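I opened this notebook to record what I looked up in one structure.

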Amino acid sequence: MARFLIVEARFYDHLNDQLIAGARAALEGAGHEVEVLTVPGALEIPGAIALASESDLYDGYVAIGVVIRGETYHFEIVAGESARGIMALTMDGMAIGNGILTVENEDQALVRADPAQKNKGGEAAQAALALLKLQERFAR
């Protein structure tokens, strides 16, 4: 049994609840423990994961959040930099599934967040599980 930390940027409660439900179901369904940590925004997710990794309490992570395009360039910064930060940690060997939705509107987010539809929270958890298996395979 592994321990996973879901790190969520809780901005859209109803969407995050669905993403977390999908991720939790995938992880707990595979027999793992899950804890949820909330941070202010998507830009803080990679930093929170990096800090949590120093504790050695967790084996893997799932990033959860929703970034919806607005009228300014801020969307591109948040979407790109949060993904870049997560990818940098993953390239350092951490098992992280990226479930941060980057969408044009709330309707797109609803379809992707819903565990009965696209289930992107569950897919992110599956990615974290796959990376954890790779870690175990290549551990020396």
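**Fold.** I note at the outset that the model is predicted. I looked up the secondary structure and found five helices and four strands in the protein chain. Along the sequence, I read their order as β-α-β-α-β-α-β-α-α. The radius of gyration is 14 Å, close to the 14 Å that the globule rule gives for 140 residues, so the chain is as compact as a globular protein of that length. I also took the extent along the principal axes: the C-alpha atoms fill a box of roughly 50 × 30 × 20 Å.

**Contacts and burial.** I considered contacts between residues at least 6 apart in sequence, and 76% of these join residues at least 24 apart. Of the 140 residues, I found that 44% count as buried.

**Surface and charge.** I then looked up the charged side chains, of which 11 are positive and 20 negative. The centres of the two sets lie 8 Å apart.

**Helix α2.** Which residues of helix α2 are buried? I found Ile45, Pro46, Ala48, Ile49 and Ala52 within this helix, which spans residues 45-53. Viewed down the axis of α2, these buried residues fall within an arc of 160 degrees, so they line one face of the helix. I next asked what covers the buried residues of α2. The cover includes the strands β1 (3-9), β2 (33-39), β3 (60-68) and β4 (96-103), together with helix α3 (74-91).

Conventions. Residues numbered from 1 in each chain as written. Predicted model: local features only at pLDDT ≥ 70, side-chain atom pairs only at ≥ 80, totals over all residues. Heavy atoms only, no water. Helix = DSSP H or I, 4+ residues; strand = E, 2+ residues; numbered from the N terminus. Rg over C-alpha atoms; globule rule 2.2 N^0.38 Å. Buried < 20%, exposed > 50% of the residue type's maximum accessible area, 1.4 Å probe, protein only. Contact = heavy atoms within 4.5 Å. Lys, Arg positive; Asp, Glu negative; His and termini not counted. Charge placed at Lys NZ, Arg CZ, Asp CG, Glu CD. Arc of directions from axis to C-beta.
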